[in-house]
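Subject: Handing over the structure, with notes

Dear colleague,

I am passing this structure on to you together with my notes on it. Please open it beside this message and follow the notes as you go.

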Amino acid sequence: MSLEQNKNESLIVPSGNRFYFDEPRFKMTIAGRLFVRISGYIGYLVVIAGAFTFILSDIEWLRALGILLFLFLGDRAIHWREGDRPFSEMPHDGRVNLSEYISPGAYSVLEKAFDKSSITKRNFFLEIIRELLDLREIQDSLRRLDIKPEEFKQKTEDFLETSRDNKTSVDKKILLLQKAEAFVSRVAERSIANNRKFIKPADFFPGLFSANDEFVNRLFNVFSIDAGDLELALILSSFGKSFRFRLPPALGGFSFESNRRIRHRIMNRAWTSRATPLLDKFSVDFTDLARGGEAGFLIGHEKEYRRLVDTLSRPLDPNALLVGEEGIGKETIIAHLARSIIKDEVPPAIFDKRLVGLEIASLVAGASPEELQARLKRIVEEIFTAGNIILYIPDIHNLVKTSGNHYLSAADALMPVIKNNIFPVVGATYPREFKEFMEPRSDIVGIFEIIRVDEISEVDAQKILVYESILFEKKTGITIGFAAIKTAVALAKKYFSGKRLPSSADELLKDALVMAERRQKRHLVPDEVIAAAEEKVNVPIHEASGSEAETLLHLEDIIHQHFINQEEAVKAVSTALREYRSGLARKGGPIASFLFVGPTGVGKTELAKILARFQFGSESMMVRFDMTEYQDKESFYRFIGSPDGRISGALTEAVLNRPYSLILLDEFEKAFPDILNLFLQVFDDGRLTDNLSRTVDFQNTIIIATSNAHSDIINEALSKGEKMTDIAEYLKKKLVDVFKPELLNRFSKIVVFKDLSPADVGKIAGLNLNDFANLLGEQGIELEFDPSAVREIARIGYEPAFGARPLRRAIEEHLRAPLAGKLLSKEISRGDRVRVLFQGGAFQFTPVEE
């Protein structure tokens, strides 16, 4: 089919058989389009000249015509960057020609790319990119992604030169028309989903991912550009440019400072509602705030919001209870509901309602029980008479708490009203309070639809921080790169799970901005965010390099400076740390999980302490559990929390508070069987759901379980003079008598610790005595140990069945106790230098003269 035959036909590329793009100018020749453009410019010049001429005329009707022409020109000037129609005016039925919804700037980019591709036979989509790169907004978005626009432009030119094809001009033009129509249709879908008014040039850039063009994909892959990241970077750059002098009152769900006076409106459009003066005194009207521009569109929580709207719209029990942690977004959902109500974007059942939040604390303040009852009765009457109220009760658990007569009185008055469905009610509470105070009351819980508000996704948190960053940039003058935002969200999710997204990421980004200001940086990059996170958690997060990388490579030698023998165990933990710091650790589980088996006193716990000091910064970052304390059902609840929420879980709370830590489970084999089963999930998925339905993340922990299982076999072997290396494999096989095979298989490594030889104990004695000397050094006393003293302490402290454990007692009895007496008697004082020897069957403390 020739191009001539297609001139009067629309080349339609449907989007669900609904969208098509039919622009007559694209079917003209280049000269024809140039003629139309010049004619348009001349036409505007004629209108401008006519307007000035007519408005100065003495003839009244000509002057009126001049005014009309000026009004026309003014309207065109106001809307000169807009399409003929916004998407909001798009018909709900029938097919839609997208040429009416494309802005002049977007059309210009499309037309230039179309013409250049027609003439040069180069890739059409690469030509679009080339045209977009001349726009400041696109250049800024690339900088936000830490990509130099000049390098991206040069690479685009390189790809353009290799993208020519040999199709005839007619076939090329038909193919280009088809590509253009398909491309615009896909971009329109994306623009509508993102609440755009028109198709703008910036919408083309992320839309290119949907083109599935080989050259475009290769270009984006060279610079590691992700479609979602690019879209958010464009939001950051476009809003930063659009609101250079003034921020909007509401942007992306956030309420920025607004000087607008909020007008209180109580009347609905049917003029059937009534005033609520007492309710107004003890409440906040969210619909008033929404009209004043104090609420923006919702990011995340779409599922919870839909359930809330559906619940409020039903005829029976239109009551919802939002359950979620503090700062997770419950009130954001309420604010967005208020915005949707004033925008008429809600079902008929809640159309034209007022959403009012009752402040229980102010309601009960200073009121006697009788006065409180009277207030509540009058408020209920006002709500009933008004007929257009949705009542929101934050911290609704206060109504059913068994503490305080005032709260009990409030419950007595309000709960019967809620049960009778007199008006819709939305309550909000926290998981712990819901579990403890509300869930046991089936009569109350039964009238509410329980909606659990979960933490938003990392992608949604990134989007929220993009909008927040617009405000931060205005306040600080620091340009925030998108990579910094992405890093803040990732690190907050990983290391600060005590607070939910986006609050945790928001705080980290603010800390990074303060650090950048202190360092006089004008551009925030991921390094500042990482440094800010490291300050908060005191752990190495940055990429290992230089001396740190060298340390990791020789970690075994460094550990052995403080730890004797047990090469297999030291190698296992060192390998795990190297994998973690290089980013190669297994996803979906803890950093590593080890089972240390062997006789007592051979260093199982000591190695865990050294590991905590080296990787986690301090022994205090080691969370230690003596599993002999968790051997029954009651202790199981103490470990992960009781079902009623009254008892917090020792393990779950510890990890929630310290998501990056070492967990030591001493004498693991003695734990209650349900606890052992619990760790099947922890070792496998790195997650655990606690009694409050919170997900506890173990993915940033190292878990070490120690066990003296089959100590009888170990002691018998040692008493016969056998070595642990001789029975190691047999002992591993016998572990299935104590632990389930599926649990053993989930450990990263099972390490059988070797027994200690007299020489090993001698070295350990040297280390312990060095620590003892350092302790005295803090008091200004220099202590030296003669080799004879070290040998004797090692001899006294050596018992094959107990490893190095008797050493502590030997040092206590033979050194610490005598020295304490000499310090108190002033035989030894600050500034003295003392040498310890073993002579004549006793330890001697001899002053050393300078």
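Helix α36 (residues 787-796) lies across β20, β21 and β22, and it runs at about 55° to β21. Here helices (H or I, at least four residues) and strands (E, at least two) are DSSP runs that are numbered from the N terminus, while axes are lines fitted to C-alpha atoms, for helices over the stretch in contact, with angles that run from 0 to 180 degrees between N-to-C directions. What you have is a predicted model, in which local features need pLDDT of at least 70 and side-chain atom pairs count only at pLDDT 80 or more, whereas totals for chains, interfaces and linings use all residues. Residues are numbered from 1 along each chain as its sequence is written, and side-chain values use heavy atoms, with hydrogens and water left out.

In general, strands of a sheet pair through backbone hydrogen bonds, either parallel or antiparallel. β20, β21 and β22 form an open sheet in the order β20-β21-β22, with mixed pairing, where two strands are said to pair if DSSP finds at least two bridges between them. The edge strands are β20 (782-785) and β22 (842-847), each of which pairs on one side only, and the twist averages 25° from one strand to the next. β20 and strand β21 (residues 833-839) run parallel and are joined by four bridges, and E784 stands opposite R835 in β21.

α36 passes α37 in a right-handed crossing; a crossing is left-handed if the near helix is turned anticlockwise from the far one by less than a right angle, and right-handed if clockwise. The contact (heavy atoms within 4.5 Å) is made by I793, A794 and I796 of α36 and by L807, A810, I811, H814 and L815 of α37. By class, this contact has seven nonpolar, one polar and no charged residues, where Ala, Val, Leu, Ile, Met, Phe, Trp, Tyr, Cys and Pro count as nonpolar, Asp, Glu, Lys and Arg as charged, and the others, Gly among them, as polar.

The other sheet is an open one of five strands in the order β14-β15-β18-β13-β19, with parallel pairing. β14 (622-626) and β19 (749-752) stand at the edges with a single partner strand each, so one side of each is left without a neighbour in the sheet. The twist of this sheet averages 20° from one strand to the next. Strand β13 (residues 592-597) and strand β18 (residues 701-707) run parallel and are joined by six bridges, and F594 stands opposite I704 in β18. Helix α28 (residues 604-616) lies across β13, β14, β15 (661-666) and β18, running at about 170° to β15.

Helix α7 (residues 149-161) packs with helix α10 (residues 214-222) at an angle of about 150°, with their axes 11 Å apart, and that makes α7 roughly antiparallel to α10. The contact is made by F152, K155, T156 and F159 of α7 and by F215, R218, L219, F220 and V222 of α10. The axes of helix α5 (residues 124-132) and α7 come within 10 Å and cross at roughly 155°, and α5 and α7 are therefore roughly antiparallel to each other. The crossing of α7 and α10 is right-handed, whereas that of α5 and α7 is left-handed.

The peptide bond from L501 to P502 is cis, with omega near 5°, and P502 is placed in the loop between α22 (482-495) and α23 (503-518). S224 has a positive phi of about 50° although it is not a glycine, and S224 is found in the loop between α10 and α11 (227-242).

Finally, a word on confidence: the protein chain averages a pLDDT (the predictor's confidence in each residue, from 0 to 100) of 83, and 89% of the residues score at least 70.

Technical notes
Parallel < 35°, antiparallel > 145°, perpendicular 65-115°, else oblique.
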